[in-house]
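Please keep the sequence and the structure in view while reading.

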Amino acid sequence: MSGRRYTAFSDELRRVFGCRVQRISVDAGFTCPNRDGAAGTGGCIFCGGKGSGSFGIRPELSVTRQLLHGKEFLARRYGAARFLAYFQPYSNTYAPVEHLRELYDEALGVPDVAGLIVGTRPDCLPTDVLDLLAGYARNTYFWLELGLQSPLDRTLALLNRGHDFAAFADAVARSRERGIRVCAHVILGLPGESREEMLSTAGILNGLGVEGVKIHQLHVMKGTVLEEIYRRGEVRCLERDEYVGLVCDFLERLDPRIVIHRLVGDAPADHLVAPRWSLRKGDVLGAVDAELERRGTGQGSAVAKNVREGSTEGIPQRKSLICPSRLQ
């Protein structure tokens, strides 16, 4: 195990599979209801033309070929032995169930692909799709990633998300009813949000009972609406030390059972406008570790303090939604 002061996703993967496991991002040709007019047009203000976080994927290849290409690279670079197919760009449940099943089954048919991660929006989870995902959650290693970004409706409107917080909370509840583990995406440093508002998100996630979280700094990509706003001086990005401190504060307030899938976002240098410090991801992660060590705290420190003082506010009762014996 890593010995980190938070519940790292890499540690869970090694515990479950007993080896190095890597995600392989897959572009399966989806779009988004916030682009095609169903919920809006133009997409979120931070999302580029290829979808958020989709750089480096080869969408001209089939799902199988993308995974085989990714396997070769990740096995050589990291020594990975097992892989998760990560359906990442745009909304990866935004299609008929039959088409989704074909894509997911194709991915699981690739040798050494041991599970699925499916990223989507909370308004792209009709009942038949959730029932489909529940089947995968019962029979393989599975995560559903849901974009939240912020629980504040005024911020969601500013981001042009096309849904409100109630839609996210409903999607989480309906997913958990079916035994589907949910990883929430959160952005720290969004325009107009105070430190207290950002940190309150941790308690909200605790209360919803999500099993995972991806924490991401606000960053500005070329060709986005956010870039236009940034260049007009109407929004700023956090400095590195500001972000590190905020992440540590957030982790201290987060239920220690929540798995941390990410603490800092990735972006290629030629597409990133700001903040440039995020290009040194390893340094940022090291700074988070060092700050938690300096404080003598870790994930859930503030939650544990509440328990010692007799308060259970924001601390949900939950059952495990993963059975490692299914993965042998």
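How many salt bridges does the count come to? In this predicted model, the count comes to 26 salt bridges. Side chains of opposite charge can pair when their charged atoms come close.

One of these pairs joins K71 and D112, whose closest N and O atoms are 3.3 Å apart. K71 belongs to helix α2 (residues 63-78), whereas D112 sits in the loop between α3 and β3, so that distant parts of the chain, 41 residues apart, are linked. K71 counts as buried at 14% relative accessibility, while D112, at 39%, counts as partly exposed.

A further salt bridge is formed by E197 and R154, with 2.8 Å between the closest N and O atoms. Because E197 lies in helix α7 (residues 195-208) and R154 in helix α5 (residues 153-158), the pair ties together parts that are 43 residues apart in sequence. Both partners are partly exposed, E197 with a relative accessible area of 22% and R154 with one of 46%.

Helix α9 (residues 240-252) spans 19 Å from its first C-alpha to its last, close to the 18 Å expected. Ten of its 13 residues are buried, so α9 is largely enclosed by the rest of the structure. Among the buried residues are F250, L251 and D249. D249 forms a salt bridge with R295, the closest N and O atoms lying 2.7 Å apart. Since R295 lies in helix α10 (residues 281-295), this pair ties α9 to a part of the chain 46 residues away in sequence. Salt bridges with shared partners join R195, D249, E252, E291, R294 and R295 into one network.

The largest nonpolar core has 84 residues, of which F87 and Y104 touch the most other members. Contacts of Y104 include F87, L116, V118, L132 and Y136. A second, separate core of 14 residues includes F17, I117, Y141 and C183.

Aromatic pairs number six in the structure. The ring centres of F17 and Y141 are 5.3 Å apart and their planes stand at 65 degrees, so this pair is edge-to-face. As F17 lies in helix α1 (residues 9-17) and Y141 in strand β4 (residues 141-149), the pair ties together parts 124 residues apart in sequence. Y104 and Y136 also form an edge-to-face pair, at 5.6 Å centre to centre and 85 degrees between the planes. Together with F87, Y104 and Y136 form one aromatic cluster.

Key:
Residues are numbered from 1 along each chain as its sequence is written. This is a predicted model: local features need pLDDT of at least 70, side-chain atom pairs count only at pLDDT 80 or more; totals for chains, interfaces and linings use all residues. Side-chain values use heavy atoms; hydrogens and water are left out. A nonpolar core is a set of buried Ala, Val, Leu, Ile, Met, Phe, Trp, Tyr and Cys residues joined through side-chain atoms within 4.5 Å. Buried means under 20% relative accessible area, exposed over 50%, partly exposed in between (1.4 Å probe, protein chains only). Contact means heavy atoms within 4.5 Å. Rings of Phe, Tyr and Trp (its six-membered ring) pair if their centres lie within 6.5 Å; planes under 30 degrees apart count as stacked, over 60 as edge-to-face and the rest as tilted. Helices (H or I, at least four residues) and strands (E, at least two) are DSSP runs, numbered from the N terminus. The expected span of a helix is 1.5 Å times one less than its number of residues. A salt bridge is a side-chain nitrogen of Lys or Arg within 4 Å of a carboxyl oxygen of Asp or Glu. Lists of a residue's contacts leave out its neighbours within four places in sequence.
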